[in-house]
Amino acid sequence: MDSGIFIIRVMFGLAIASHGAQKLSSWFGGYGIRKTGGFFEALGFRPGTLFATAAGLSEMGGGLLIAVGLFTPVGAAAVLSAMLVAMFSVHVKNGFFAANNGIELPFLYAVAAVGIALAGPGAISIDSMLGFNSLFTPYVVAGLLVIAAFGSAVTLSARRGVVAAPSKS
């Protein structure tokens, strides 16, 4: 069981961290913060570079925390928040499936983040080695996830004057 959650946590964490790194830099085939900021501006998030940086750091930072198993529920909450914003600002109008740029991919990322937060980091984690698992009671984890959802709602409410929204995710 611990090896299973370890594999899921590391692979998912690195994947979402890479996804966020693409927003922050042209490494990993991304557009970097300036071009990603322009995309965010077109979605109504102004200033675009600020929102793009927040999204990139939530994904990259949250993913890295998940991957190493350090403050795992905090990392998962950061990823959840970014994915909720992505689902509702970019993808929901296209339906469910990724083939149509729908919510499928950010939905799966969000579900994985919530699942990892609720399951915990497992024994093969920094949280476990440092004894932090006891800090993350079910109430604390639920609170972090609720705060993440609230934060994404606040972020979505900050959108102004959406320009013809591009289909890039």
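1. Let's start with helix 1 and helix 2, whose axes come within 6 Å and cross at roughly 90°. Angles of 65 to 115 degrees count as roughly perpendicular, so helix 1 is roughly perpendicular to helix 2. Bear in mind as you read on that this is a predicted model.

2. Who touches whom here? On the helix 1 side you'll find Gln22, Lys23 and Leu24, and they meet Gly32, Ile33, Thr36 and Phe40 in helix 2. Sorted by class, this contact of helix 1 with helix 2 has three nonpolar, three polar and one charged residues.

3. Next, follow helix 1 over to helix 5. Their axes come within 11 Å, and the crossing angle is roughly 135°. Helix 1 is therefore oblique to helix 5. As for handedness, helix 1 passes helix 5 in a left-handed crossing.

4. Helix 1 brings Ile5, Ile8, Arg9, Phe12, Ala15, Ile16 and His19, while helix 5 brings Tyr109, Ala112, Ala113, Ile116 and Ala119. The contact of helix 1 with helix 5 divides into ten nonpolar residues, one polar and one charged.

5. Now for helix 4 and helix 7, the latter spanning residues 138-157. These two pack with their axes 8 Å apart, at an angle of about 30°. Angles under 35 degrees count as roughly parallel, so helix 4 is roughly parallel to helix 7. Helix 4 passes helix 7 in a right-handed crossing.

6. Which residues of helix 4 meet helix 7? They are Pro73, Val74, Ala77, Leu80, Ser81, Leu84, Val85, Phe88 and Ser89. Facing them in helix 7 are Val141, Leu144, Leu145, Ala148, Ala149, Gly151, Ser152, Thr155 and Leu156. By class, the residues of the contact of helix 4 with helix 7 come out as 13 nonpolar, five polar and no charged.

7. The largest pocket has a volume of about 420 Å³. It is lined by 28 residues, and the closest to its centre are Lys23, Phe40, Glu59, Ala82 and Ala86.

8. Which helix gives the most to the lining of the largest pocket? That is helix 4, with eight residues. At least two lining residues each come from helix 1 (2-24), helix 2 (32-42), helix 3 (48-68), helix 4 (72-91) and helix 5 (104-119). As for the make-up of this lining, there are 16 nonpolar, nine polar and three charged residues.

9. Two spots in the loops deserve a look at the backbone. In the loop between helix 2 and helix 3 sits Pro47, and the peptide bond from Arg46 to Pro47 is cis, with omega near 0°. The loop between helix 3 and helix 4 holds Phe71. Phe71 is not a glycine, yet its phi is positive, at about 50°.

Notes
Residues are numbered from 1 along each chain as its sequence is written. This is a predicted model: local features need pLDDT of at least 70, side-chain atom pairs count only at pLDDT 80 or more; totals for chains, interfaces and linings use all residues. Side-chain values use heavy atoms; hydrogens and water are left out. On a 1 Å grid over the protein atoms alone, a cavity is a set of points where a 1.4 Å probe fits but cannot get out, and a pocket is an open set with protein on both sides within 12 Å along at least five of seven lines; lining residues have an atom within 4 Å of a point. Grid points are joined across faces, edges and corners, and a volume is the space filled by probe spheres set on the points. Helices (H or I, at least four residues) and strands (E, at least two) are DSSP runs, numbered from the N terminus. Ala, Val, Leu, Ile, Met, Phe, Trp, Tyr, Cys and Pro count as nonpolar, Asp, Glu, Lys and Arg as charged, and the others, Gly among them, as polar. Axes are lines fitted to C-alpha atoms, for helices over the stretch in contact, and angles run from 0 to 180 degrees between N-to-C directions. Angles under 35 degrees count as roughly parallel, over 145 as roughly antiparallel, 65 to 115 as roughly perpendicular and the rest as oblique. A crossing is left-handed if the near helix is turned anticlockwise from the far one by less than a right angle, and right-handed if clockwise. Contact means heavy atoms within 4.5 Å.
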